[in-house]
Amino acid sequence: MTEPLAPQYNPSAIESALYAWWQERGLFSPDAGPQGSGGAPYVLMMPPPNVTAVLHMGHGLNNTVQDVLIRFERMRGRRVLWLPGTDHAGIATQNVVERLLAKQGLTRFDVGREDFVERVWSYVQETGVAILTQLQAIGSSADWSRTYFTLDEGLSHAVREAFVTLFEEGLVYRGHYIINWCPRCLTALSNEEAEKEETDGRIWHLRYPLADGSGHVIVATTRPETMLGDTAVAVHPDDERYRSLIGRDLLLPVVDRPVPIVADDAVDPTFGTGAVKVTPAHDPADFEIGRRHGLPSIDVMTPEARISLAAPDRFQGLDRFDARARVVAEFEEAGLLDKVEPHRHAVGHCYRCGTVIEPRLSEQWFVRMEPLARPALQKYRDGTLRFIPERRGDDYTQWLEGIRDWCISRQLWWGHRIPVWYCKAEACARTTVSRTAPERCPDCGGPVKQDEDVLDTWFSSWLVPFSSLGWPDRTPDLAAFYPGHTLVSAPEILFFWVARMIMSGVHFMGEVPYTHVYLHGTVRDTQHRKMSKSLGNGIDPLEVVERYGADALRYSLVSGMSVGTDVVLNPDDLEGSFAPGRNFANKLWNAGRFILSHLQGPPRPLAGAPGAVRPDELTLADRWIIARCDATVREATDAYEKFRLNEAAGAVYRFLWSDLADWYIEQIKPRLYGDAPGGDVARAVVAQTFDVALRLLHPVMPFVTEALWRRFPGRPAEASISIAPWPRPDARAEDAGAVAEFEVVQQVVSAVRTIRAEYGVQPGQTVRAFVSQAGRAPAPTLERERGTIMRLAKLSELVRADSPGGPGGHAVLPDGTAVFVPLDDAIDVGRECGRLGNEADRLSALLTSQARKLSNEQFVARAPADVVAREREKLAAWTEQREVLVRKRELLGCG
């Protein structure tokens, strides 16, 4: 490591090589030996991306957060396991391959199930590892040697075990219920997969005549086409308006079928007309009413959401929305359309393809969830499980308290086939639920056929905290790494995955799979829209890595997020979004080059070794930077522990950029050249504090910190910052006095620098400064640090006296100490007076025009409120700017 550092930081020249070196050294793979082997375990389960997925900024944020936590705990000596994997993603993957077939003019039914599944496997094997490789490009330090796939044989064995066990416990059953059906994907969906979207629709008020022609009842619906399957109208038994009609028949329009009026307590008499149409085959509430009253269920929809043969001939084969229009038209023609009203409501859409879902009566497999939810909820209530931010615990509680049974069967070909077999012999019809495939029917010996459906993708995903470790076998990995500790996820899958994993972990393993659930925010654009491919507002993380480096990407994401809040990025301005991270990496690189260039050999230790620096050898600046470094260790460590990653990054950023680079390095430069007194002490202090800062920053910016840390003189070739000890606070480093004294130096220098900038003093021009002490600023500090102040503020003279008067700039420090910088010999005062006067005149003209605009009552009354507010803000800002200019002219003595 003796070759000099490149003069410019080039991430592409170091990142891939460093990552390969980390992997070669096996730094990401923990030992699964006995508990005494290495430190205490720390386990984090990576949310498995879909096997067809391409890395997007949501993955970038999620995996950066995980990697920060993993690297932090690895450096703290924990036996860290970050377990990666990919999800077979039933619907999503099948859709991708079906689209590929469509380009050939084929459907999956044309090629058959076996051939189709083989095609999916081929596609997955070609593309499935792409996203894992992409995750490596952003620095994810997962244990890739343990990577799983949710259709691996081991995990498939776990899925069968879980299904059969739940069936044997009476928690899995098959039944006819209303489910969410996707007419595009041709499969059932769980309630969570039917994502609700607010939609502007309409509500139609329809007249249903009494069969005897003596009157009518008005019902309201948002789905008129479903009336083709109505089998009753329901009213509340205590509703006086309809009590006399209960038990009578209505003549269902369009269909000309008699339907009864039934009384049911579920009807809300205050909503609408108090009478509701009942379609048991197409609405969950209607289904329950139908069961209570023994009503027939008429399914008027095909799986593709076209009108079925159960409807009148003229409707058969129509798309559901075309049928809706025709039904409404016929009601209108018959004079039975009472009214139509606009109606905004939540409509379920398929979470994969976006198609409007159709509630449909169907025979499906379900998991009985309430017995699983109860103990999982108790784990949260007794404090075993914690959510960050805490408000997410309320969401978890609310969902579990109102949980409904989970529909787990899917009418797909790609996925875990349901381990159920049916005897083909009509006289037997035995159903066998088994962990292994039976060759013959166990009752009659006849042939058997496996259930055609596959399991919901999430049924395999909810098991991964233990199935990925070898369950149901009792493997060393399972013994060493279950239960885990932290789950980092997006809130969108709190119910899909996070809560279900807790339920399965408690049920099958007896313990929660993790104790901390950190739900970070969502990546959004500057219009606060979620980034998505369909909106065209996404940012490709790999493009960011290529242009700015992985560290810049990671720092920008981490520094821009608070606990539970969204991250806002501008897809139209990558420079603005990610340049701060790149600039920080450059600053760090330049500081590192300077420090390392002055370390001819290993620096003296600061304590605890022969030849260590003695306390009496330390200058004020040395004591100050050591104290600030110790404070940063405390602040950053506390923030990492509390998942306040932006605060941790901010603390280290301020220390490195401001304290170390802008102040301490500038202060010690005279001691670093030649044989200046105290040079070895300055080198020892700057090396130690820089080393500590690099370790504190490593979880967020792993590449640049590793590249610099390995260059320290005397560092073994195999040493890596990723397993270097995490810095610990040191009470000996605390020095409130040094911090307070050096603050005085900083304040005086900053005041002079501000005056120089405000009045345009040339960078190479020295100035004089007068300091009159009215507060706590100790005279000995100013005297001892006179050289530092004069050099950093570029002073020709520092006088401890009151202002001599004349043109100059003034500043008052927080303790009341006044700083005056004479400017008559530093700038052309007359010229500066003229410039300030011209600018003040320009602002005066703007103020006159702006005041006239805002005094115009028509403008104020007609312009949008936000426009008027912005104009008032301009007036206030220009007024303040002009006052500053007038004050500056007074200080310069302008006429």
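Let's start with a sheet. It is open, has 4 strands in the order β10-β11-β9-β12, and its pairing is mixed. Strands here are DSSP runs of E, at least two residues long, and helices are runs of H or I, at least four long, both numbered from the N terminus. Two strands count as paired if DSSP finds at least two bridges between them.

A word on the source. This is a predicted model, so local features need pLDDT of at least 70 and side-chain atom pairs count only at pLDDT 80 or more, while totals for chains, interfaces and linings use all residues. Residues are numbered from 1 along each chain as its sequence is written, and side-chain values use heavy atoms, with hydrogens and water left out.

Back to the sheet of 4 strands. Its edge strands are β10 (249–252) and β12 (275–278), and each pairs on one side only. Neighbouring strands are turned by 30° against each other on average, direction ignored. Axes for that angle are lines fitted to C-alpha atoms, for helices over the stretch in contact, and angles run from 0 to 180 degrees between N-to-C directions. β10 pairs with β11 (residues 257–263) in the antiparallel sense, over 4 bridges. Across that pair, Leu250 stands opposite Val259 in β11.

Next, another open sheet. β18 (residues 420–423) and β20 are antiparallel over 3 bridges. Tyr422 has Lys449 as its bridge partner in β20.

Now to β1 and β2. They run parallel and are joined by 5 bridges. Tyr42 finds its bridge partner, Val80, in β2. Is β2 mostly covered or open? Mostly covered: 5 of its 5 residues, 79–83, are buried. Buried means under 20% relative accessible area, exposed means over 50%, and partly exposed is in between, using a 1.4 Å probe and protein chains only. In a regular strand the side chains alternate between the two faces of the sheet. In β2, Arg79, Leu81 and Leu83 point one way, Val80 and Trp82 point the other way, and all are buried.

On to empty space. Rolling a probe the size of a water molecule over the atoms shows where it is left. The search uses a 1 Å grid over the protein atoms alone: a cavity is a set of points where a 1.4 Å probe fits but cannot get out, a pocket is an open set with protein on both sides within 12 Å along at least five of seven lines, and lining residues have an atom within 4 Å of a point. Points are joined across faces, edges and corners, and a volume is the space filled by probe spheres set on them.

There are 3 cavities of 30 Å³ or more. Which strand gives the most to its lining? β1 (residues 41–45), with 3 residues. The lining includes Val43, Leu44 and Met45, along with Phe481, His485 and Tyr514. By class it has 9 nonpolar, 3 polar and no charged residues. Nonpolar covers Ala, Val, Leu, Ile, Met, Phe, Trp, Tyr, Cys and Pro; charged covers Asp, Glu, Lys and Arg; the others, Gly among them, are polar.

The second largest pocket has a volume of about 660 Å³. It is lined by 25 residues, with Leu606, Ala607, Ile626, Asp730 and Ala733 nearest its centre. Two or more lining residues come from each of α19 (620–641) and α21 (679–697). α19 gives the largest share, 5 residues. The lining divides into 13 nonpolar, 3 polar and 9 charged residues.

Gly510 follows α15, with a positive phi near 85°.

Last, two single residues. Thr199 sits in β7 (residues 194–209). It is partly exposed, at 26% relative accessible area. Thr199 and His343 are 144 residues apart along the chain, yet their C-alpha atoms are separated by 8.3 Å. Gln762 is in the loop between α23 (736–758) and β26 (767–772). Gln762 is exposed, at 55%.
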